[in-house]
Structures are given as C-alpha cells and as structure tokens.
Amino acid sequence: MKKRILMLSLSGAIVLAGMFGTSLPVGAVGEGPNYGGNESIRTSILHTYDEMVKELKTQDQKQEAMELEVIGKSVKGRDLYLAKYISNPNNPTILFLTQQHGNEQLTTEGALEFIKHLGTAKTKGVLNNVNVLILPMLNADGAMGDVNFPLDDYVADGGRHLTRYNAVKVDLNRDHDTKQQPETQALHNHVLKKYKINYMIDLHHQGTQSEVNGKLVSGSILYPTNSSVHPSVLEKSKKLGALVYHAVNEKGWGHLAKYSGGTTTNIARNGIAVEYGIPTLLFEMRGMSDHYNDDYVIGQKSNGYLIKQTITTLDATVRGIADGTIHTVNTDFWDSLPTQTSRTDKAEDE
Ligand SMILES: [Zn+2]
C-alpha cells in the first residue's frame, strides 16, 4: 500500500514536470536569495517572544488535545513553554526543539505553523498513535536580543537583533553536559527527565554558503556521533533522519547534505543520545535570521520555503512514527549522502 502511494505521487511529479518542462523549482531553493549586503532584513516579520506566547495560548484554548506547560525560565525571567500532545502515555513520543540559538528563528516559525495544523483536519487521526512535544524558542532572551553584551554589528533591523547566545553569552548547545544555564536545566529537568521520549529533533539554522554537487543546500542533517551512543540508538536516529530526508526530497525544492559536526556530549545531538538513550537528529536549515557575519544571514524571500521545510520535517516524522513507517524506512541513503562543503572558509557550528 505504501509503495503504491509513493508510485502515485512519483507519477504525479512526472506529470507536473512534463507540464512545466524543466523549470520546476527543483534545486532552486538552495540558490534562493541570501543577504546581498544592502537590502534590509526585517526581523519585525518574525514572531517576538510575546507574540509567540500569545499564539501558543490561543492554540491551547482552541485545541482540546493540546496542553501548554511552563518548564522554566530564561536568564532574564521569560517563561519557557512546552506544547504537549499526549493522547496515550503508551504511544511513542517525539520532541521537537527549536531555537537553542536565538538567531535561528524560522524553525520556530515552522513549529508554530505545525502546532496550528495539529488543531485542524490536516492531521486528523495522527495524534491517536503518537505523542508530540514541541519546545519552541528555548533561547528566548537571545531571540529577543535581550542580552548582556552589545549586538551593534548585527546585520538585521526591524526593532530587534537576534543572537546565538543566551543573555550571559553562553552557547546553550554546548551546555548539555554540565547544564549550567537555566534554559538547559529547564529542558533537561522538566522535559527530558520528566517525559518518556522516544525521538528528538533539534532544529537549527546554518550559514547560507554550504553546498553539495555545486548547489547550495536547503539544509543538512546528522545523527549522534559520540562513540558512547548505543548502536540501537544510532540506528533509530538514522531512521528518524531517513523520514526527514525522503520527505524533504519528495518536495522537489529540498536539497539536503550531511552535516559535519563534533562528537562531544555538550552538544544536544550527542549528549541527549548518550545520557537518555534518546535517538536524535540535528537539522540545520539554510541561513540565519540575524548575525554579525553577512554570509550567515538569509534573505527574507527565502523564509517561505525554509518554514515549509520545517513543517515538512515535523509532519513527516510525526506521521512516520504514528504509522510505524519509522521501523522499516530504508537508511541506505546515509551511506551516499555527501557531506556539505562551504563556499566560504568560515566555520559553521551546530
Ligand atoms: Zn544552531
């Protein structure tokens, strides 16, 4: 049955390709505009922290299946929210985490859109067989530029700057071993230790200049790479990645590479897989919402497809876990997935 659906959608794609010749947007995505050096990047089109909270509360009121929990506070005292869909404690549970780095916001925009979808007929029935936890904007202070260090040289405008670091200039995605920061503690003590989580995707943005096969990528993915990760956890992580890879590829506009990342357990992708035995996937989408380095900032005309890429990722993994596809999905692509390289020499950190 699965195979037949896949074949049907493939032939549909071929029909479309026939209609539009070779001008389908395949590969056009990665080549989409990034910051040109003089146009303005309006951060005002992104949800502020307060607007995000308002949206979460609105959806919580509307959606019977949704529950909203405060899991802790940021350095500056902002409540950190977890959106929960737990229909049956025995269901497998997936956690989506966004914006550990405050300047990587389109994944949060996508997550908020996905939360809206979960309240509509678009995902009817799916939540009967899977529990979903969504933690958007873990680094709320960095996202609002409310930090104890200057951001004067950041590129974007529109009322606020967004930065990678939390308010005291700590990189939260290097704090998963010692857990010194309140944001990291909230995630570990009130989510990872509290709920039985079977899968996790950590959503980020990388710079704009990564490529494979001569084409800029729409993103890159990676499983945990610390040597203490249990082989079964690694295998499940690869399967999680397979659901994402195939879903994004089938959209036509996606162009994914393998991320080249570190092995240390202070990184969520590794630390959470080692400490809790949770299969993890890192997804680095193209381009950041703000940065002092021009090369990292994405032109806002690319926002639409990157938000879609997030929604596709969340939707595909929730469905694949709900219907059990994740157990049988083919992971062979990992062996041939090329590691991205950068057109510039600047390092890009997860
Ligand atoms: Zn990041």
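What covers the buried residues of H5? The cover includes S1, strand S2 (79–85), S3, S4 and helix H7 (268–276). Keep in mind that this is a predicted model, where local features need pLDDT of at least 70, side-chain atom pairs count only at pLDDT 80 or more, and totals for chains, interfaces and linings use all residues. Residues are numbered from 1 along each chain as its sequence is written. Helices (H or I, at least four residues) and strands (E, at least two) are DSSP runs, numbered from the N terminus. Contact, as in that cover, means C-beta atoms, placed from the backbone, within 7 Å.

**Helix H5**
- Eight of the 11 residues of H5 are buried, so the helix is largely enclosed by the rest of the structure.
- "Buried" takes 20 or more other C-beta atoms within 10 Å of a residue's own, "exposed" 12 or fewer, and "partly exposed" is in between, with C-beta atoms placed from the backbone.
- Among the buried ones are Pro182, Glu183, His188 and Leu192.

**The sheet**
- Eight strands make an open sheet with mixed pairing, in the order S1-S2-S4-S3-S5-S10-S8-S9.
- Strand S1 (67–73) and strand S9 (256–258) are the edges, each pairing on one side only; pairing takes at least two DSSP bridges between two strands.
- Strand S3 (residues 93–98) and strand S5 (residues 199–206) run parallel and are joined by five bridges, and Thr98 has Leu203 in S5 as its bridge partner.

**Helices across the sheet**
- Helix H6 (residues 231–250) lies across S5, strand S8 (219–222), S9 and strand S10 (280–286), at about 30° to S10.
- Helix H8 (residues 303–322) lies across S3, strand S4 (131–135), S5, S8 and S10, at about 160° to S10.
- For these angles, axes are lines fitted to C-alpha atoms, for helices over the stretch in contact, and values run from 0 to 180 degrees between N-to-C directions.

**H3 against H8**
- Helix H3 (residues 106–118) packs on H8 at an angle of about 55°, with the axes 8 Å apart.
- The two are therefore oblique to each other; under 35 degrees is roughly parallel, over 145 roughly antiparallel, 65 to 115 roughly perpendicular, and the rest oblique.
- Residues that meet here include Leu106, Ala111 and Phe114 in H3, and Leu306, Ile307 and Leu314 in H8.

**Asp152**
- Asp152 sits in the loop between helix H4 (140–143) and helix H5 (182–192).
- Asp152 is exposed, because 6 other C-beta atoms lie within 10 Å.
- Its C-alpha atom is 8.5 Å from that of Tyr292, 140 residues apart along the chain.

How values were computed
Two residues are in contact if their C-beta atoms, placed from the backbone, lie within 7 Å.
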